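Open the model in your viewer and keep the selection panel handy. We will go from one stop to the next, and at each one I will tell you what to select and what is there.

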Amino acid sequence: MSKGISLDNYTDTYETLLKLKRELKCRPIYIWGAKITGGAVCSVLLREKFENVKGVIDSNTFMQGKKLFGFTVFSPEYFWNIVKNSSETPFVIVAAAVRPKEIYDICSAHGLIEDKDLCWADDLLGPVYEVDLTNACNLNCPSCPQSNWKRHENAVMSLERFKRIVAHIKKDTPNVAYIPLFCWTEPLLKKDLAEYAEVLKREGILGIISTNFSLNVPHLEELIKQKPEYFRISFSGYTQELYEKAHRGGNIELVKQNMYKLRELLDKYSPDTFVEVYYHEYNYSSKEDLQAWKKICNELHYTLADFNATINPIENIIRILKGEDISDIENVLNTLNFDFRDKRYPDICDHPELCYSFKNMFCITAKGKVLVCDCVYDEKQALLADDIEKTTYNELMLRKKDNKVCIDCLKYGIPLYNCALSSNPKSSVRKIYEELVGKE
Ligand code: SF4
Ligand code: SF4
């Protein structure tokens with residue numbers, strides 16, 4: 001790992017943030033993108049006391065008119081109208097994970113110039129820390145480390161410890177982007193989840209919930225009263241027969257009931273919450289199932305995003321690419337829409353910056369241990385620190401450079417399969433990807 005990541009990355013993002021604050025003074029700022037990255041930018045600007053944020057822009061009609069961290073979400077058309085009628089050129093922060101290049105081109109066509117009138121969210125956002133509050137899940141999905149890897153020892157993160165960890169992260173990296181309350185576990189197994197969400201609210205940090213929703217959730221009301229900005233539901237299949245192939249132990253009817261219950265609670269307590277359904281596609285998935293879910297999601301005003309399912313953790317993918325015996329996971333690989341062994345990508349070992357998660361992401365287990373990112377699971381191989389409270393971002397990054405899982409992962413180009421690639425067209429990550437792999 002001779003070449004590689006600049007350890008100044010974090011310092012760079014925080015300095016960029018402070019520089020923007022100094023230079024933009026009273027100029028109107030708009031954030032383009034109302035999902036996770038946009039929410040992260042809003043929260044970071046608020047924490048740094050930017051006073052000139054005027055709004056958020058998003059083409060998703062389920063978002064328009066809502067508030068994100070108190071800022072109204074406008075349609076692009078409305079925004080350009082504001083620009084047309086204003087004497088001041090706005091400053092736009094592109095915070096869209098999807099189609100950022102398209103947004104950049106639209107802004108350029110309207111005369112906005114990069115760095116002068118426009119920057120990327122990656123330029124100013126600090127790292128993401130995914131935190132597991134328990135080590136358990138109610139399901140046993142074959143593609144998940146909960147089923148196909150040695151399970152973590154029983155553990156639950158206490159509220160007091162969580163508060164200390166959040167305070168530590170905020171002090172160490174004040175521009176922390178966001179803190180999802182899950183990695184490979186089901187957060188709604190914690191009946192007191194609302195109290196953890198409240199900690200993040202108080203600290204002004206975007207918290208993310210992702211659930212399989214295949215469990216009884218009498219405590220959902222308390223959580224929704226906390227007005228979460230973003231809520232994700234993750235599954236595949238519409239019928240029980242297809243659903244339980246990938247979500248072993250789950251009940252699709254319960255998922256549906258909970259989705260309707262969630263809408264009632266959102267209408268009552270938190271109409272601004274953005275709900276996204278992550279729909280995983282396997283080679284046996286049916287188009288009819290996806291269409292049926294699209295109809296329900298439209299009715300409930302949830303956005304549906306479909307993805308090719310993959311297998312995790314990365315330690316398993318490394319086994320595949322090393323040519324080791326993988327008979328224990330062959331049944332999962334046979335259900336995927338692609339084959340890891342197709343050797344699509346050349347060796348990229350010397351380019352850790354290819355992976356977005358490499359410099360921006362850590363996973364914290366329920367015991368407080370730090371693992372290299374949210375796609376790994378093995379507490380021995382992927383471990384960076386035994387206790388998040390006793391380490392810093394810079395120490396973690398130094399250890400990441402030498403971590404064997406990261407080295408193997410990069411060597412085999414796994415971030416490319418796992419979508420850990422930054423979609424910011426300006427970033428070195430995208431540039432290197434295009435040089436090495438071509439424009440796909
Ligand atoms: S994929 Fe999600 S729902 Fe399935 S076992 Fe893993 S953590 Fe649980
Ligand atoms: S290189 Fe692989 S293991 Fe390392 S952070 Fe990126 S995705 Fe995770």
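Start by selecting Glu186: leaving out residues up to four places away in sequence, Glu186 touches Cys137, Asn138, Thr211, Asn212 and Leu215. Touching, or being in contact, here means that the C-beta atoms of two residues, placed from the backbone, lie within 7 Å. This is a predicted model, in which local features need pLDDT of at least 70 and side-chain atom pairs count only at pLDDT 80 or more, while totals for chains, interfaces and linings use all residues. Residues are numbered from 1 along each chain as its sequence is written, and chains are lettered from A and ligands numbered from 1 in the order in which they are written.

Is Glu186 buried or exposed? Glu186 is buried, because 21 other C-beta atoms lie within 10 Å; the cut-offs are 20 or more other C-beta atoms within 10 Å for buried, 12 or fewer for exposed, and partly exposed in between, with C-beta atoms placed from the backbone. Helices (H or I, at least four residues) and strands (E, at least two) are DSSP runs, numbered from the N terminus.

Next, show ligand 1. Around ligand 1 are Cys137, Leu139, Asn140, Cys141, Cys144, Gln146, Trp184, Thr185, Glu186 and Asn212. A residue is near a molecule if its C-beta atom, placed from the backbone, lies within 6 Å of it. This shell holds five nonpolar residues, four polar and one charged. For these classes, Ala, Val, Leu, Ile, Met, Phe, Trp, Tyr, Cys and Pro count as nonpolar, Asp, Glu, Lys and Arg as charged, and the others, Gly among them, as polar.

Move on to ligand 2. Which residues are closest to ligand 2? Of the 16 residues that surround ligand 2, the closest are Cys355, Ser357, Cys373, Cys406 and Cys409. Helix H14 (356-360), helix H16 (404-411) and helix H17 (414-417) are the elements that give two or more residues to this shell. H16 gives the most, with four residues. The shell around ligand 2 has 14 nonpolar residues, two polar and no charged.

Now select helix H6 (residues 159-172) and helix H7 (residues 193-203), which pack at an angle of about 25 degrees with their axes 10 Å apart. H6 is therefore roughly parallel to H7. Among the residues making the contact are Phe162 and Val166 of H6 and Tyr196 and Val199 of H7. The contact residues divide into six nonpolar, no polar and four charged.

Select Asn312 and Pro313: the peptide bond from Asn312 to Pro313 is cis, with omega near 0 degrees. Pro313 sits in the loop between strand S12 (303-308) and helix H12 (314-321).

Then go to Asp115, a residue other than glycine whose phi is positive, near 75 degrees. Asp115 belongs to the loop between helix H4 (100-109) and strand S6 (118-120), and is exposed because 9 other C-beta atoms lie within 10 Å.

Finish at Lys227, which is not a glycine but has a positive phi of about 55 degrees. Lys227 lies in the loop between helix H8 (220-225) and strand S10 (230-235), and counts as partly exposed because it has 15 C-beta neighbours inside 10 Å.

Note on methods. Axes fitted to C-alpha atoms, helices over the stretch in contact; angles between N-to-C directions. Parallel < 35°, antiparallel > 145°, perpendicular 65-115°, else oblique.
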